Amino acid sequence: MTGKLELDPALVARARELARRAGQPVVDLARSHTTVSVERAVLRLAGVTGADPDGIPWVNRLVDAVVADTGLGHGVAAAVFDALAREGITDVTLLAQKGAAGSVRFTQPTGKAATAARKAARKAVAAGVRQVDRRRAERDRLVKRYGDPKQRPWIYLIVATGDIYEDIPQAQAAARAGADVIAVIRSTGQSLLDYVPEGATREGFAGTYATQENFRLMRAALDESSKELGRYVRLTNYASGLCMPEMATLAGLERLDMMLNDSMYGILFRDINPIRTFVDQRFSRQVHARAGIIINTGEDNYLTTADAVDEAHTVTVSQLLNEYFAHEAGLADWQLGLGHAFEINPDVPESFRLELAHALLARELFPDAPLKWMPPTKHMTGDVFRGNLLDGFFNLVGTMTGQGILLVGMMTEAVVTPWLSDRDIALQNVRYVLGAAGGLHEDFVPAPGGFIQQRANRVLGEALELLERIGDQSLLTAIAEGTFGIMKRPADRGKGLDGVARHEGDYYNPATDILEGQQA
Amino acid sequence: MSVVETGAGAEKKIVRPYGDTTGDGMVQVSFTLPVPHDKRAEGAAVQLANKMGIDPAMLVHAKPIGDGFTFFVVYGRVNHLVDLAAVQVVERDFPLLSAKEVNAVVKQKLRRKLSVVGACIGTDAHTVGIDAILNVKGIAGEKGLEYYRELKVTNLGAQVSVPELVEAARVEKADAVLVSQVVTQRDAHLHNTREMSAAFREAMPAGKRPLLIVGGPRFDETMTDELGVDRIFGRGTTPGEVASYLVHALITSKKARA
């Protein structure tokens, strides 16, 4: 599937090198800072569960208590396990309860106490990581037993009722109707909660809260569907917002299969502090790498705020950056659902050929990544008939350019959250296109030097120019100045900044140690 | 704002839907019933169509979708009439100005920059509406309010709390506050708007309050009094319309305040 655009390999290599150069300072930043959510994720791996009577998770209460006594920069693991030893208890959740009640003081241990605390912390976290490993092995077994979808792209469908018990039958019905991947979209606003809600939830706004229990319930339901349908139905949720590391951890513990996880989305679209985002993102990607989870990046979002033709190269740049950050965190190519979207104004002449060029460019730049192909949203108007036609063309580009994951477009986008019938019509549209033209990518070879080749090479050229410019300043400056998606996001502003700290000399994080290579 | 009775006093004009012949009254509807597909389900669909005033109803498509649901498409003649004289809509009651004209009026009559503060409030994270109106980028080739030299725009972005918005309006000495609401689940857009207007009424005396404007695809433009705002803009509104309204309400005719 490569070689259709005659991209210059030297330019492609140069683009990757520039992405590395732009990304490296951000990685250094991520390696030298921690956040409250990273520390809470460590405690979740160490076995802290549940929430207080007000619904505030014990991991939050415990991290807050430790930070109040010792600050954030040492990491909480050593202080927590030191306190456990001093209190003579083994249950970390019980310690969290005591800490919240103010009956335990935390100190940063030194000397022998520090060595002992670190050892105990590492042992507890390793048990959590082993659970993630078991979940991954379980997925491998189930995929072997039931099989992957017969066709590519995999058909990805969103469910979003707000009520997990309503979502379950809808997800199962969608799987029966042909969906290979179910994404449970989150309640609006969850990305800005600095904690992960607990338990099964039945109320949400334009989505369902992501909780460990909701993950478990939906995964169990889709396991039933997988058995019934004879193919492994995958489950997606969101590792984004202020709790990225914890979401990734819970996804690993509950065998979710894909997670939305973009390197810059939270910064640009949720005004989350850039440093907080990059630190959280690196940890969450390390967990995803370990858990065998496929990430979905969010480049489609740039095109909903900026022009899809003028700004096409920002998608390419972001894909290259996401690839760099993902590889650095240990993710393999097969785990990179790099995003892009069909968002060109349909009134633009040759819009379909432009879409083909852009989609093929992504395919050829990232030949071993599954790629996540996102449907039109910006130019969906409420004219559902035209919308259905646009979705058909979107599906056609998806199959002609060999996309790995196809998010099913709804002709009622921008009208209502999808009805049962909307979903059925949309899936019928996908089935028709994949059935009628599923192998068209074999025949589709753009004319040498023709419109599509020229356009793709031009976008690559513009991406290189932008990467050269970023290289000269730094990614954080570029983000501050509004290079991506028009939004300007300075590094000293944004939500969640107060939950970031630079590592002290004795910073200790057993999860990072284990995820970065030493055996669990 | 005023609700205009189109053609009030004029002679009655009755129309019917148009299929391919004047007066044929033909409509097309589609819907799902929570019943498995069989003859009885099709009969139920026709019965529903009849109750909707479609008679005769032609059931042209019936398809089982999922467990125990059937999707229908019905064509038929609707026996309802529409009296154009009785239609109530909000018509634009201010002149549409170009960016240049807006700038000129503000500069000459207000003699300072007109301050606009915009935000998505509540948990709504969909900034597409407020961005289309405020960002330089604009929408459909029309530049947003940031492009207007005589407007000072502060876009607070997504998920802004009402107290934050009130405070920002105070700091920026806002002449107008623009709020965009997309999410409508459980009427969130209406609750949020009421909360916002109440907060401004509480925080500032009537004469000092900025003009309150909400926009979003699912608002009913006639609900301004009920929601306590000065103006509601529905789907398809352009930055130029908003700018023209600001000039009209704040400068050329100051009586638009509730």
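## About the model

This is a predicted model, in which local features need pLDDT of at least 70, side-chain atom pairs count only at pLDDT 80 or more, and totals for chains, interfaces and linings use all residues. Residues are numbered from 1 along each chain as its sequence is written, while chains are lettered from A and ligands numbered from 1 in the order in which they are written.

## Two helices in chain B

Let's start with helix H2 (residues 99-110) and helix H7 (residues 239-252) of chain B, which pack at an angle of about 20° with axes 10 Å apart. H2(B) and H7(B) are therefore roughly parallel (angles under 35 degrees count as such).

Which residues of H2(B) and H7(B) meet? From H2(B) come B:Val102, B:Val105, B:Val106, B:Lys109 and B:Leu110, and from H7(B) come B:Ala243, B:Ser244, B:Val247, B:Ile251 and B:Thr252. The residues of this contact comprise 7 nonpolar, 2 polar and 1 charged.

## Where the chains meet

## A helix of chain A

Now find helix H2 (residues 36-45) of chain A: 10 of its 10 residues are buried, so the rest of the structure largely encloses it. A residue is buried if 20 or more other C-beta atoms lie within 10 Å of its own. Among the buried residues of H2(A) are A:Val36, A:Glu39, A:Arg40 and A:Leu45. After H2(A) comes A:Gly47, with a positive phi near 105°.

How values were computed:
Axes fitted to C-alpha atoms, helices over the stretch in contact; angles between N-to-C directions. Helix = DSSP H or I, 4+ residues; strand = E, 2+ residues; numbered from the N terminus. Parallel < 35°, antiparallel > 145°, perpendicular 65-115°, else oblique. Contact = placed C-beta atoms within 7 Å. Nonpolar A, V, L, I, M, F, W, Y, C, P; charged D, E, K, R; others polar. Buried ≥ 20, exposed ≤ 12 C-beta atoms within 10 Å, placed from the backbone.
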